[in-house]
Amino acid sequence: MADTLRDATIADLDDMTEIMCSAMPMDPAWNYRFPRRKEFPEDHWRCVREDIEKILDPGSRSHRSVKVITIPRTNGKGDRAVALAVWELPFLGHSEISSNNDCTTRRDADLAHIAAFRSVLVASVNKYFDTPYGDSQVQLYHLATHPDYQRHGAGTRLLNWGLELAMREKKPITLFGSPMGTKLYTELGFRLLDYVTVQVDGEEEKNRILISEFFTAKVTNSLLKIVGCPGPRVFKY
Ligand SMILES: CC(C)(COP(=O)(O)OP(=O)(O)OC[C@H]1O[C@@H](n2cnc3c(N)ncnc32)[C@H](O)[C@@H]1OP(=O)(O)O)[C@@H](O)C(=O)NCCC(=O)NCCS
């Protein structure tokens, strides 16, 4: 795949919405929060788009890096984003988890599931990430590759970008993982901290998310070779 890794711009908004709407349902946590996305695809698209628009907002970009992998469009006009990564960089400014229920009048979501998910997420961020590291961390907020372009190395490349940044800044990377991302993260040397279960009182249905962190200082060159970083690279501290 002839692809390019670059900063996302507002011109990528629709491509990024498409990536999220097609890739994220592969994560059970997405379906737990948005179980009626197929019945109300227009609400789903609108709310996901609003979320991405907030992420791309220049006013909040100073503490965030949004990267996309693009391929040339078939009509020869410009490029198309097929994978994305959103990195929160709290050491550059205040970081916050955007709430999916900011989008009003949505019919695709289960608001109780969203609230339960968010409360577990906030508690876990506090316990596993913010208490030990404070602002001194690089946090992976979103990672997604359009299903038509998965398994071509885009996810690895986007993760490697964050890895290099974390190494330069001498900060750990923290993330909430999905079952699909587990192999990718494990191969990159992430350490599984915990599994947390999200469940609404009185319901049988539950969802599990995994919490991982990665200590850049412990990564060796041989580990980086396993995941296919191009050429020999030496990271100095
Ligand atoms: C996780 C994800 C971003 C990986 O993106 P990608 O561009 O396919 O990543 P890579 O091509 O670098 O593949 C890395 C590894 O991911 C795993 N993987 C990727 N796609 C997969 C799929 N469809 N089924 C099973 N494993 C898959 C594989 O282990 C793969 O390595 P391999 O091909 O050598 O076996 C992508 O699968 C995705 O968007 N999933 C849905 C959203 C999600 O779960 N995001 C992670 C949230 S933390």
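Two residues are in contact if their C-beta atoms, placed from the backbone, lie within 7 Å. Helices (H or I, at least four residues) and strands (E, at least two) are DSSP runs, numbered from the N terminus.

## The model

This is a predicted model: local features need pLDDT of at least 70, side-chain atom pairs count only at pLDDT 80 or more, and totals for chains, interfaces and linings use all residues. Residues are numbered from 1 along each chain as its sequence is written.

The protein has seven helices and seven strands. Along the sequence they follow the pattern β-α-α-α-β-β-α-β-α-β-α-β-β-α. Of its 237 residues, 32% are buried (20 or more other C-beta atoms within 10 Å of the residue's own; 12 or fewer is exposed, and in between is partly exposed). Take the contacts in the protein with a separation of 6 or more: 75% of them join residues 24 or more positions apart.

## Helices α1 and α3

Two packed helices are described by the angle between their axes and the distance between the axes. Helix α1 covers residues 13–23, and its axis comes within 9 Å of the axis of α3. The two axes cross at roughly 125°. That makes α1 oblique to α3. Axes here are lines fitted to C-alpha atoms, for helices over the stretch in contact, and angles run from 0 to 180 degrees between N-to-C directions. Under 35 degrees counts as roughly parallel, over 145 as roughly antiparallel, 65 to 115 as roughly perpendicular and the rest as oblique. The crossing of α1 past α3 is right-handed (the near helix is turned clockwise from the far one by less than a right angle; anticlockwise is left-handed).

Which residues meet? From α1 come L13, M16, T17, M20 and C21. From α3 come H44, W45, V48, R49, I52, E53 and L56. By class, this contact has eight nonpolar, two polar and two charged residues. Ala, Val, Leu, Ile, Met, Phe, Trp, Tyr, Cys and Pro count as nonpolar, Asp, Glu, Lys and Arg as charged, and the others, Gly among them, as polar.

## Two aspartates in helices

D43 also sits in α3, which spans residues 41–56. D43 is partly exposed, with 18 other C-beta atoms within 10 Å. Leaving out residues up to four places away in sequence, D43 touches R106, R107 and D108. R106 is 63 residues from D43 in sequence, yet their C-alpha atoms are 5.5 Å apart.

D130 belongs to helix α4, residues 111–133. D130 counts as partly exposed because it has 17 C-beta neighbours inside 10 Å. D130 and T174 are 44 residues apart in sequence and 9.8 Å apart in space, C-alpha to C-alpha.

## Positive phi in two loops

Most residues other than glycine have a negative phi. Where does R151 lie? R151 is in the loop between β4 (138–145) and α5 (154–169). Its phi is positive, near 65°. R151 is exposed, with 9 other C-beta atoms within 10 Å.

K170 has a positive phi too, of about 55°, although it is not a glycine. K170 lies in the loop between α5 and β5 (173–177). Is K170 buried or exposed? K170 is exposed, with 10 other C-beta atoms within 10 Å.
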